[in-house]
Amino acid sequence: DTTVTSLEIPSVFNNIKARVLQNCSQLQELSLPYLGADYTENFNSNLAYLFGSGSNADAESVIPQSLSKVTINGGVIAENAFADLKYVKEIVLSPEVTKIGHNAFLNCTALSELTMPMIYVEKDERNDKSLPYYYGMAGAVDGSTIPYDENNLLTLHINGSVSTGSRMFYKCYGISEVTIDNAEVIPEYMFEECKYLSKVTIGDTVEDIRHFAFSETAIEEIVIPDSVKYIGSSQDPAFTGDEIFLANYAGDIFNCCRNLRKVTIGNGVEVISSGMFYGCPIEEIIIGENVHYIGKNAFYGLENTPTIINKSKYKEWVVSGPVNSVFMDALMASENAPEKIYYGFRDFEDDYYCKNHNYTIEDSGGTTYKYFLNSNSSQKGTEEQIKNWKLVFYSPTDPYAEGGANSIDGVDDIEYWYHDDGSDWYHRLYYVTPKMWEKPQS
């Protein structure tokens, strides 16, 4: 039929004969269900039979060159199911699809939009190949790189979650844009080192964004929706009592995103997790109403003063480790700045080096700095800045915490306090509850 432009095959059919589309020269859109086992000798499924497999030279003659969009409504996508479809621009796999076979998208050279649920394939099943490489996605890297066109990068839509696992699209250079909907978790390292990924839209079903999820990408702006509660492994659901994970080795969600300049943190987030914006040149950040924890090195490397719009309802914040002086200056100068910030570093016994001796340093210009800040010049904080930031140094074991003996000039002008409750929660990888940060009244 040379007049049909769109065709939907309903689920009542259980077989498609070979070459049924061959002469549909105007067909642009095709929607069909998964049709079960194949009735032919040469292919593993009807999809592969209909579209040709990766080794099938007849694929181009079987499928009309006019076909630009294919939708599959559920089932298992066979190996090589879409391989060598050189004219199809868009493939949509519904959330009911449960599996995607090896090299399913290999040599789909015109493909610019792919919609699929998150489907993780265990390493033993894919012979240790990276997941996008296993799928045959353009730009996937695993020892070698599957060819990709920088002028026709892929827009990826995640429309659900069948299973999750780390590094699902790791080092897939062919992806430029991602939208995530109908999923609760963005797994760890999911898009790490997708170097051309510049735009990410996170849907309002997402509750958990795990560490390194978008590390070393080209993202320019990110909006974290109000639905997100757990960020950078900041809260471990295995624990109870609203325990917040401020570990030194968690976070780094946007680590080294060198183009990230605008950030919006939703109202569900309490923690700006460790290394969350490490190496990001942020120019504007909107902080949601529940943020009151900042993890170690969250803004490491920030050099230029950002615009901070602080909507937090909390007046007392916690900083768990080294912070960036540029960020702190901007935060404390912003409208609705915190009134007090409690500070601790790692196991809290290392709030500063040589605490029983001299814990200041002199740079070449003679300026005195605290060691608790990162050592490079853009990260340091002067004594005056420390006072302006209203920091309260926290130590669970320091017997001088309540006195002024450790202040630089010997005057009790910097506040210290400690809370020794007999537990070891303050060790290097630690959990704290908001209750632990309340200063004892007596």
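1. Leucine 7 stands opposite leucine 30 in β2, and that's a handy place to start reading this predicted model. Strand β1 and strand β2 (residues 29–32) run parallel to each other and are joined by 3 bridges. On the bookkeeping: two strands pair if DSSP finds at least two bridges between them, while helices (H or I, at least four residues) and strands (E, at least two) are DSSP runs, numbered from the N terminus.

2. Some ground rules before going further. Residues are numbered from 1 along each chain as its sequence is written, and side-chain values use heavy atoms, with hydrogens and water left out. Because the model is predicted, local features need pLDDT of at least 70 and side-chain atom pairs count only at pLDDT 80 or more, whereas totals for chains, interfaces and linings use all residues.

3. Now the overall tally. The protein chain has 6 helices and 29 strands. Of its 442 residues, 54% count as buried, where buried means under 20% relative accessible area, exposed over 50%, and partly exposed in between (1.4 Å probe, protein chains only). The chain exposes about 19400 Å², with carbon and sulfur atoms supplying 44% of that; the areas come from the Shrake-Rupley method with a 1.4 Å probe, and for residues only the protein chains shown count as cover. Take the contacts (heavy atoms within 4.5 Å) with a separation of 6 or more: residues 24 or more positions apart account for 47% of them.

4. Back to β1 and β2, which belong to an open sheet of 8 strands with parallel pairing, in the order β1-β2-β3-β5-β7-β10-β11-β13. At the edges you'll find β1 (6–8) and β13, each with a single partner strand, so one side of each has no neighbour in the sheet. From one strand to the next the twist averages 15 degrees; axes are lines fitted to C-alpha atoms, for helices over the stretch in contact, and angles run from 0 to 180 degrees between N-to-C directions.

5. There's also an open sheet of 4 strands, ordered β15-β18-β20-β22 and again paired in parallel. Its edge strands are β15 (221–224) and β22 (307–310), each of which pairs on one side only. Here the twist averages 5 degrees from one strand to the next.

6. Threonine 264 sits opposite isoleucine 286 in β20. On to the next pairing: β20 and β22 are parallel too, over 4 bridges, and glutamate 284 has threonine 307 of β22 as its bridge partner.

7. Helix α5 (residues 325–333) has 7 of its 9 residues buried, so the rest of the structure largely encloses it. The buried ones are Ser325, Val326, Phe327, Met328, Ala330, Leu331 and Met332. Where the helix starts, a side-chain oxygen of asparagine 324 comes to within 2.8 Å of the backbone nitrogen of valine 326.

8. Salt bridges next: the whole structure has 8, a salt bridge being a side-chain nitrogen of Lys or Arg within 4 Å of a carboxyl oxygen of Asp or Glu. One of them joins the side chains of lysine 86 and aspartate 84 (3.4 Å, N to O). Lysine 86 is partly exposed at a relative accessible area of 32%, whereas aspartate 84 is buried at 11%.

9. Another has the side chains of lysine 171 and glutamate 193 meeting at 3.8 Å, N to O. This pair links distant parts of the chain, 22 residues apart: lysine 171 is in the loop between β10 (154–161) and β11 (175–180), and glutamate 193 is in the loop between β12 (185–186) and β13 (199–202). Lysine 171 is partly exposed at 22% relative accessibility, and glutamate 193 is partly exposed at 21%.

10. Last, glutamate 283 and arginine 261 form a salt bridge through their side chains (3.3 Å, N to O). Glutamate 283 is in the loop between β19 (271–272) and β20, and arginine 261 is in the loop between β17 (244–245) and β18, 22 residues apart. Glutamate 283 counts as partly exposed at 47% relative accessibility, as does arginine 261 at 34%.

Technical notes
A polar contact is a pair of N or O atoms within 3.5 Å; within protein, one must be able to donate a hydrogen and the other to accept it, and residues adjacent in sequence count only if both atoms are side-chain atoms.
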